[in-house]
Amino acid sequence: MKGLRVIGWGKALGEKLVTNDDLAKTLDTSDEWITERTGIRQRYIGGSVASLSILASQRALAVAGITGAEIDMVLLATTTSDQIVPSTAVAIQAALGISGGALDINAACSGFAYGMAVANGLLATGLRRILLIGAEQLSTITDFTDRSTAVLFGDGAGAVVLEATDGPGDLLSYVLGSDGDLKHLLYAEHGSYLHMVGKEVFRKAVQVIVDSSNEAMDKAGITVNDLALMVPHQANLRIIQSACQRLGIEESKAMITVDRYGNTSAASIPLALVDAIEEDRLKPGDLVLLTGFGAGMTWASLILRWNP
Ligand code: UT7
């Protein structure tokens, strides 16, 4: 059985930097409230899911030292596909000259982590290389007159190139979960904005991060002491702090990017992973916990050995 290895990574951000003070010009909010309640200081807005994905993917392909022609499949995790039909993955496939399949995955903020598990299965059963992207243009479904959501979200994309390896590979375990009875907590109807019951999402998020992370560590046969880094979904700094406390993970081991990018849903884990790599927070052999949660609700935790 083959496994996966990460061989390339890249990111792209919306073109316009929007600070908390910028939002406070038109909304009844303040930099102080947003920073204290969420940890967010700024976010990037703009671009399309396709354009952000293509840019992030070009960078990931350059790091891997390969061209699109050497990729067998594009998996795009997004909740804000540029169109209803076709998938946005096909725009990326065409732009990058990829010859294989192309598929959008909608598991909300857990989408990238779900995508890693899907890619692992495809690589185990014959594909050689997969381009996996998490990308969002949440600004298209954000009501910028509603202060309870407008301050939270941003646009961006993170991409990785995954290659099949002989042996079990570097994805040591994964745990996927969902509970559709909670779909009313966070949703957007066709043509409408995002609605969220923030406090409930917060409470449930901490619980599913802790439970699924513990399960993923058990499955991999490791403990929190073996982890070099945690790369959580970036929705709220207080959620990450709470989860770290309950898991017994030092906060300094959690990658934090919510301050710079806000909540970018499916893009948040790959953006944080790329920043961790570029900031030299990972060395070969390190064990990383990726953990995501979001609308659905869905959640996903996985243990990755960093071995590029
Ligand atoms: O990625 C998908 C998953 N999403 C999440 O994980 C989000 C989870 N939830 C959260 O992060 C938090 O619940 C929020 C950041 C969304 C809200 O923080 P909170 O501490 O739960 O605040 P709240 O909703 O209970 O609101 C407290 C007060 C309210 O005023 P009153 O009723 O106490 O007078 C709100 O109207 O804060 C008010 N408020 C604001 N004030 C200033 C809400 N939004 C704002 C704002 N600026 N932007």
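From which domains does the shell around the ligand draw at least three residues each? Domain 1 (2-166) and domain 2 (171-305) each supply at least three; these bounds come from an automatic or database domain assignment.

This is a predicted model, in which local features need pLDDT of at least 70, side-chain atom pairs count only at pLDDT 80 or more, and totals for chains, interfaces and linings use all residues. Residues are numbered from 1 along each chain as its sequence is written, and side-chain values use heavy atoms, with hydrogens and water left out.

View 1. Thr29, Arg37, His233, Asn236 and Asn263 come nearest among the 23 residues around the ligand (near: a heavy atom within 4 Å). A polar side-chain atom of Thr29 sits 2.6 Å from a ligand nitrogen atom. Arg37 places a side-chain N or O atom 2.7 Å from an oxygen atom of the ligand. For His233, a polar side-chain atom is 2.8 Å from a ligand oxygen atom. A polar contact here is a pair of N or O atoms within 3.5 Å. The ligand alone exposes 960 Å², of which the protein buries 72% (Shrake-Rupley method, 1.4 Å probe).

**View 2. The shell around the ligand.** Two or more residues come from each of α2 (31-38), α6 (147-150), α7 (198-220) and α8 (237-247). Helix α7 gives the most, with four residues. Helices (H or I, at least four residues) and strands (E, at least two) are DSSP runs, numbered from the N terminus. By type, the shell holds 11 nonpolar, seven polar and five charged residues. Asp, Glu, Lys and Arg count as charged; Ala, Val, Leu, Ile, Met, Phe, Trp, Tyr, Cys and Pro as nonpolar; the others, Gly among them, as polar.

**View 3. A four-stranded open sheet.** The strand order is β8-β13-β12-β11, with mixed pairing (pairing: at least two DSSP bridges between two strands). Strands β8 (171-178) and β11 (227-232) are the edges, each pairing on one side only. Five bridges join β11 to β12 (residues 287-294) in the parallel sense. Met230 stands opposite Leu289 in β12.

**View 4. Backbone exceptions in loops.** Most residues other than glycine have a negative phi, and most peptide bonds are trans. The Val85 to Pro86 bond is cis, with omega near 0 degrees. Pro86 lies in the loop between β4 (73-77) and α4 (89-96). The bond from Gly296 to Met297 is also cis, and Met297 is in the loop between β12 and β13 (298-305). Ser265, not a glycine, has a positive phi of about 50 degrees. Ser265 is in the loop between α9 (258-261) and α10 (268-278).

How values were computed. A polar contact is a pair of N or O atoms within 3.5 Å; within protein, one must be able to donate a hydrogen and the other to accept it, and residues adjacent in sequence count only if both atoms are side-chain atoms.
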